[in-house]
Amino acid sequence: MSQENSVGVVVPQRVRFNEPMRLKSGALLPGFDLAFETYGTLNSARSNAVLVCHALSGGHHVAGVYAGEPRNVGWWDNLVGPGKPLDTNKFFVVAVNNLGGCYGSTGPISVNPETGKRYGADFPMVTVEDWVAAHARLADHLGIDTWAAVIGGSLGGMQALEWSLQFPERIRHAMVIASAPKLSAQNIAFNAVARQAILSDPDFHGGHYAEHGVVPRNGLRLARMVGHITYLSDSQMGEKFGRQLHHGEHQFSYDVDFEIESYLRYQGDKFASFFDANTYLITTKALDYFDPAYAYQGDLAAALARATARFFVASFSTDWRFAPARSREIVFALLHNRRHVAYAEIDCDAGHDSFLLDDAHYHAVLRAYLENIST
Amino acid sequence: MSNGNPHNPLTAKERERFDFAVIANWIPPGERVLDLGCGDGKLLRYLRETKGVIGYGVEIDHGSVLGCISNDVDVIQIDIEGGLSGFEDQSFNHVIISQALQAMHATERILGEMLRVAEEAVVSFPNFAYRANRAAIAEGHMPVSEDLPYAWYETPNVRFFTLADFEALCGKLDIEIRERLAFDEAGQLVTQDPNLNGSLAFYRLGHRRG
């Protein structure tokens with residue numbers, strides 16, 4: 001990785017909130033920790049703060065590296081840094097691990113103070129609304145009344161959208177990228193398959209695998225393989241792997257024959273080695289449940305009426321998980337409410353994962369929008 | 001606006017301001033305006049700064065969308081050849097299509113959609129029957145001029161029409177022409193025979209009443 005324009009070595013932080021939180025499911029969480037990182041400096045007016053929300057597998061390590069771990073680069077490092085589109089010379093950037101996560105915020109791998117054991121399956125389901133309510137406590141802790149912007153891709157974009165609905169007065173710009181106002185039946189179907197892979201793993205033990213000293217690695221691996229297919233475009237997969245053979249000739253076996261099989265196994269193995277299965281289950285349910293129009297008989301325009309933020313919405317031409325039409329639903333619901341919105345439909349070959357890449361035009365558009373945000 | 005003459009045509013910047021001023025003259029302050037094929041959003045920015053309009057642009061070109069965002073103009077990147085579904089009926093006061101209609105295929109559909117989403121439409125386009133263009137054809141060449149600045153092999157224009165043609169189409173589509181202005185290449189208002197003497201035409205259109 002080039003050190004140029006990097007925020008450099010960063011130190012993750014953690015904050016404890018002792019006030020219990022009522023979750024959307026009705027469950028009560030008796031206090032919780034949030035892990036977060038910040039980059040740049042909060043100005044004296046406290047008007048330059050930007051919250052970065054993560055997607056399914058991301059966390060609070062968005063930019064820079066950890067001391068002694070030069071290869072542990074933040075997941076959106078190409079966007080965040082001095083002189084980068086989300087410029088840390090201008091903005092105070094905050095990144096947080098969501099509630100229920102497995103990177104340091106309270107989640108299924110945390111110890112339940114009531115039992116002294118890991119929560120495991122007892123960790124309550126959390127929703128996008130709950131995440132945003134938790135983010136708000138972090139904002140209070142950091143002395144941030146109003147975010148200059150909340151930005152996120154995919155599930156992160158849903159959090160930016162939810163911020164504009166739950167705390168309209170606390171967010172000036174919502175940047176919703178490669179996202180959707182709710183999952184489609186097909187999206188839910190893929191999540192259902194992923195969950196079934198985990199739930200049916202013999203090592204799952206009803207979610208209390210930690211007590212058995214195992215992890216449902218196989219299930220998590222399969223879940224990631226299924227998910228990964230939806231992150232890539234058909235054309236890109238074809239270009240990258242085509243029908244290339246791993247061993248140069250047909251093996252007539254069920255082991256790896258084609259390169260794409262090897263790639264998926266690699267991605268699945270890698271993911272299963274560090275991600276928590278219960279967090280994966282919870283996060284996919286949060287995705288499934290997110291639907292701000294649900295309380296408005298499916299009328300998204302009515303649901304978005306209370307949003308007052310200015311919006312930046314972007315989609316990618318080859319994203320079939322959250323296709324451009326899904327972003328346009330948000331755009332036209334905003335237009336109905338006469339809200340400010342800029343919508344870019346970006347040509348990029350990489351499917352849903354395009355939002356993580358540093359495509360020149362994509363980053364130019366983000367840079368242009370962010371440059372016009374007053375601090 | 002500055003007054004050029006045929007021997008001293010307006011600079012590109014003067015022409016742009018001149019076009020903007022003609023359109024702005026038809027837009028009352030504070031209106032909701034939709035600009036189709038809005039380019040880099042300069043017209044909307046001008047209307048916002050001079051008339052306090054609430055404007056949205058529609059553009060398909062990536063570089064132009066980036067220009068709009070740089071200009072802090074609300075822009076929606078969609079292809080208007082497919083219509084304006086998503087835009088609600090009569091949700092704007094004015095819809096503008098400034099020197100872009102000639103570059104689109106779905107002429108009739110776009111005109112119909114414009115008057116569906118807005119009370120009035122403002123259309124400007126280059127007149128292919130302008131005197132100098134006729135002369136070029138008479139000499140055996142496709143015209144290249146201030147308002148038709150492209151060689152035939154690189155022009156984005158796909159519809160080649162005149163004031164007379166456009167007005168006939170409006171008649172067919174039951175579109176009322178509420179006002180028409182034509183200008184020569186020097187930016188002078190044309191009063192005599194605009195289909196011959198006008199290089200650039202501006203129309204204010206509405207639904208035929210009654």
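Author: Rings of Phe, Tyr and Trp (its six-membered ring) pair if their centres lie within 6.5 Å; planes under 30 degrees apart count as stacked, over 60 as edge-to-face and the rest as tilted. By that rule, 30 aromatic pairs are found over all chains. This is a predicted model, in which local features need pLDDT of at least 70 and side-chain atom pairs count only at pLDDT 80 or more. Residues are numbered from 1 along each chain as its sequence is written, and side-chain values leave out hydrogens and water.

Reader: Why is the pair of A:F190 and A:W320 called edge-to-face?

Author: Their planes stand at 65 degrees and their centres are 5.9 Å apart, so the pair is edge-to-face.

Reader: What makes B:F125 and B:Y203 a stacked pair?

Author: The angle between their planes is 5 degrees, and the distance is 5.7 Å centre to centre. Planes under 30 degrees apart count as stacked.

Reader: Why is B:F125 called buried?

Author: Buried means under 20% relative accessible area, exposed over 50%, partly exposed in between (1.4 Å probe, protein chains only). B:F125 has a relative accessible area of 0%, so B:F125 is buried. B:Y203, at 0%, is buried too.

Reader: Why does B:D79 count as partly exposed?

Author: The relative accessibility of B:D79 is 43%, so B:D79 counts as partly exposed.

Reader: How do you know that the charged end of B:R32 sits over the ring of B:F92?

Author: A charge sits over a ring if NZ of Lys or CZ of Arg is within 6 Å of the ring centre and within 35 degrees of the ring normal. The charged end of B:R32 is 4.9 Å from the centre of the B:F92 ring and sits over that ring.

Conventions. Chains lettered and ligands numbered in written order.
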